[in-house]
Amino acid sequence: MIKIDVFIQNKNWKKYISNPNGYIKSKAKLINSTLRFIKNKKINFSILLAGSKEVRILNKKFRKKNKTTDVLSFPIDYKVKKKYYLGDIAISYEIIKKRSNKSDFFLEFDKIWIHGYLHLLGYDHK
(Lines give C-alpha, C1' and ligand atoms only; values in the text may rest on other atoms or scores of the structure.)
Protein backbone atom coordinates (compact mmCIF):
# COMPACT_ATOMS: atom_id res chain seq x y z
CA MET A 1 0.00 0.00 0.00
CA ILE A 2 1.24 3.44 -0.83
CA LYS A 3 0.12 6.72 0.69
CA ILE A 4 1.18 9.97 -0.90
CA ASP A 5 0.44 13.33 0.65
CA VAL A 6 0.32 16.10 -1.94
CA PHE A 7 0.57 19.73 -0.88
CA ILE A 8 -0.08 22.51 -3.36
CA GLN A 9 1.85 25.68 -2.62
CA ASN A 10 1.52 27.22 -6.09
CA LYS A 11 -2.06 27.57 -7.40
CA ASN A 12 -0.93 27.26 -11.03
CA TRP A 13 -0.70 23.49 -10.62
CA LYS A 14 -4.51 23.32 -10.47
CA LYS A 15 -4.65 24.60 -14.07
CA TYR A 16 -3.35 21.22 -15.22
CA ILE A 17 -4.07 18.75 -12.47
CA SER A 18 -7.44 19.10 -10.78
CA ASN A 19 -6.87 16.16 -8.41
CA PRO A 20 -3.10 15.82 -7.86
CA ASN A 21 -3.50 13.28 -5.04
CA GLY A 22 -5.56 10.92 -7.17
CA TYR A 23 -3.41 11.41 -10.26
CA ILE A 24 -0.12 10.66 -8.49
CA LYS A 25 -1.54 7.79 -6.46
CA SER A 26 -2.80 6.01 -9.60
CA LYS A 27 0.60 6.39 -11.28
CA ALA A 28 2.46 5.26 -8.16
CA LYS A 29 0.30 2.14 -7.97
CA LEU A 30 1.47 1.15 -11.45
CA ILE A 31 5.11 1.76 -10.60
CA ASN A 32 4.94 -0.13 -7.31
CA SER A 33 3.38 -3.16 -8.95
CA THR A 34 6.58 -3.59 -10.97
CA LEU A 35 9.04 -3.02 -8.10
CA ARG A 36 9.16 -6.33 -6.22
CA PHE A 37 11.17 -5.06 -3.26
CA ILE A 38 8.39 -2.70 -2.16
CA LYS A 39 5.39 -4.94 -2.75
CA ASN A 40 3.22 -5.49 0.32
CA LYS A 41 4.96 -2.72 2.24
CA LYS A 42 3.22 0.31 3.66
CA ILE A 43 4.98 3.27 2.08
CA ASN A 44 4.34 6.96 2.62
CA PHE A 45 5.95 10.08 1.18
CA SER A 46 4.94 13.64 0.39
CA ILE A 47 5.10 15.85 -2.66
CA LEU A 48 5.13 19.63 -2.54
CA LEU A 49 3.85 21.22 -5.75
CA ALA A 50 5.60 24.54 -5.48
CA GLY A 51 6.89 27.36 -7.63
CA SER A 52 10.44 28.15 -8.64
CA LYS A 53 10.81 30.69 -5.83
CA GLU A 54 9.93 28.15 -3.14
CA VAL A 55 12.15 25.47 -4.67
CA ARG A 56 15.05 27.94 -4.85
CA ILE A 57 14.61 28.71 -1.14
CA LEU A 58 14.66 24.99 -0.28
CA ASN A 59 17.66 24.40 -2.55
CA LYS A 60 19.58 27.22 -0.86
CA LYS A 61 18.66 26.10 2.65
CA PHE A 62 19.39 22.39 2.26
CA ARG A 63 21.91 22.18 -0.58
CA LYS A 64 23.59 25.60 -0.31
CA LYS A 65 22.75 26.33 -3.98
CA ASN A 66 21.02 29.65 -4.60
CA LYS A 67 19.17 28.60 -7.75
CA THR A 68 15.95 26.91 -8.68
CA THR A 69 15.76 23.37 -9.97
CA ASP A 70 13.06 21.05 -11.28
CA VAL A 71 12.88 18.64 -8.34
CA LEU A 72 14.36 18.22 -4.89
CA SER A 73 14.23 14.96 -2.96
CA PHE A 74 14.71 14.70 0.77
CA PRO A 75 15.05 11.01 1.68
CA ILE A 76 14.34 10.07 5.28
CA ASP A 77 13.76 6.29 5.28
CA TYR A 78 11.95 6.21 8.59
CA LYS A 79 10.36 2.91 9.66
CA VAL A 80 7.78 2.45 12.40
CA LYS A 81 5.87 -0.82 12.78
CA LYS A 82 6.32 -1.98 9.18
CA LYS A 83 5.38 1.45 7.84
CA TYR A 84 7.99 3.31 5.83
CA TYR A 85 8.13 7.08 5.50
CA LEU A 86 10.49 7.62 2.56
CA GLY A 87 10.75 11.41 2.66
CA ASP A 88 9.66 14.47 0.72
CA ILE A 89 9.77 15.76 -2.84
CA ALA A 90 9.42 19.38 -4.00
CA ILE A 91 8.66 20.19 -7.65
CA SER A 92 8.80 23.52 -9.50
CA TYR A 93 5.72 24.40 -11.56
CA GLU A 94 7.52 26.92 -13.77
CA ILE A 95 10.19 24.47 -14.88
CA ILE A 96 7.65 21.75 -15.68
CA LYS A 97 5.53 24.27 -17.58
CA LYS A 98 8.51 25.53 -19.57
CA ARG A 99 9.60 22.01 -20.53
CA SER A 100 6.07 21.09 -21.51
CA ASN A 101 6.08 23.77 -24.22
CA LYS A 102 8.18 21.33 -26.27
CA SER A 103 6.44 18.23 -24.96
CA ASP A 104 3.42 17.45 -22.79
CA PHE A 105 2.75 18.76 -19.27
CA PHE A 106 1.81 15.36 -17.84
CA LEU A 107 4.79 13.63 -19.45
CA GLU A 108 7.19 16.18 -17.97
CA PHE A 109 5.46 16.10 -14.59
CA ASP A 110 5.57 12.28 -14.48
CA LYS A 111 9.25 12.22 -15.39
CA ILE A 112 10.09 14.65 -12.60
CA TRP A 113 8.06 13.25 -9.72
CA ILE A 114 9.11 9.68 -10.57
CA HIS A 115 12.73 10.88 -10.66
CA GLY A 116 12.25 12.27 -7.16
CA TYR A 117 10.49 9.10 -6.00
CA LEU A 118 13.39 6.94 -7.20
CA HIS A 119 15.77 9.13 -5.19
CA LEU A 120 13.61 8.48 -2.12
CA LEU A 121 13.95 4.75 -2.80
CA GLY A 122 17.73 5.11 -2.74
CA TYR A 123 18.61 5.41 -6.41
CA ASP A 124 21.12 8.04 -7.49
CA HIS A 125 22.18 9.37 -10.88
CA LYS A 126 24.83 6.69 -11.39
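The points below describe selected features of this structure, which is a predicted model.

1. Helix H2. Residues 52-63 make up this helix of 12 residues, and the distance from its first C-alpha to its last is 15 Å, close to the 16 Å expected at 1.5 Å a residue. Ser52, Val55 and Asn59 are the buried residues of H2. They are placed on the same side of the helix, because they cover an arc of only 60° around the axis. The exposed residues Lys53 and Lys61 are carried on the face of H2 turned away from its buried side. As a general point on such patterns, an α-helix has 3.6 residues a turn, so residues three or four places apart point the same way.

2. Lys64. In the loop between H2 and S3 lies Lys64. Its phi is positive, about 60°, although Lys64 is not a glycine. Lys64 counts as exposed because its relative accessibility is 69%, and the cut-off for that class is over 50%.

3. Aromatic pairs. How many aromatic pairs does a search of the whole structure find? The search finds 12. One of these is formed by Trp13 and Tyr93, in an edge-to-face arrangement with 5.5 Å centre to centre and 70° between the planes. Trp13 and Tyr93 are both buried. A further edge-to-face pair joins Phe105 and Phe106, with 6.0 Å centre to centre and 85° between the planes. Phe105 is buried, at a relative accessible area of 4%, whereas Phe106 is partly exposed, at 29%.

4. The aromatic cluster. Both of the pairs described above have their members in one aromatic cluster, which is formed by Trp13, Tyr16, Tyr23, Tyr93, Phe105, Phe106 and Phe109. By way of orientation, Trp13 and Asn66 are 53 residues apart in sequence and 23 Å apart in space, C-alpha to C-alpha.

5. Salt bridges. Four salt bridges are found by a search of the whole structure. One of them brings together the side chains of Asp5 and Lys3, at 2.9 Å from N to O. Asp5 is partly exposed, with a relative accessible area of 23%, and Lys3 is also partly exposed, with 41%.

6. A salt bridge between two helices. Asp110 forms a salt bridge with Lys27, and their closest N and O atoms are 3.5 Å apart. Because Asp110 lies in helix H4 (residues 105-120) and Lys27 in helix H1, the pair ties together parts that are 83 residues apart in sequence. Asp110 counts as buried at 13% relative accessibility, whereas Lys27, at 28%, counts as partly exposed.

7. A salt bridge between a loop and a helix. The side chains of Asp70 and Arg99 meet in a salt bridge of 2.9 Å, N to O. This pair also links distant parts of the chain, with Asp70 in the loop between H2 and S3 and Arg99 in helix H3, 29 residues apart. Is Asp70 buried or exposed? Asp70 is buried, with a relative accessible area of 16%. Arg99 counts as partly exposed at 36% relative accessibility.

8. A nonpolar surface patch. Ile76, Tyr78 and Val80 form a nonpolar patch on the surface, and together they have about 290 Å² of accessible area. Ile76 is placed in strand S3, residues 71-80. Its relative accessibility of 45% is the reason why Ile76 counts as partly exposed.

Note on methods
Residues are numbered from 1 along each chain as its sequence is written. This is a predicted model: local features need pLDDT of at least 70, side-chain atom pairs count only at pLDDT 80 or more; totals for chains, interfaces and linings use all residues. Side-chain values use heavy atoms; hydrogens and water are left out. Patches are made of residues with over 30% relative accessible area and no salt bridge: like charges are joined within 9 Å, nonpolar side chains (Val, Leu, Ile, Met, Phe, Trp, Tyr) within 5 Å. Accessible areas come from the Shrake-Rupley method with a 1.4 Å probe; for residues, only the protein chains shown count as cover. Helices (H or I, at least four residues) and strands (E, at least two) are DSSP runs, numbered from the N terminus. Buried means under 20% relative accessible area, exposed over 50%, partly exposed in between (1.4 Å probe, protein chains only). Rings of Phe, Tyr and Trp (its six-membered ring) pair if their centres lie within 6.5 Å; planes under 30 degrees apart count as stacked, over 60 as edge-to-face and the rest as tilted. The expected span of a helix is 1.5 Å times one less than its number of residues. The arc is that of the directions from the helix axis to the C-beta atoms.
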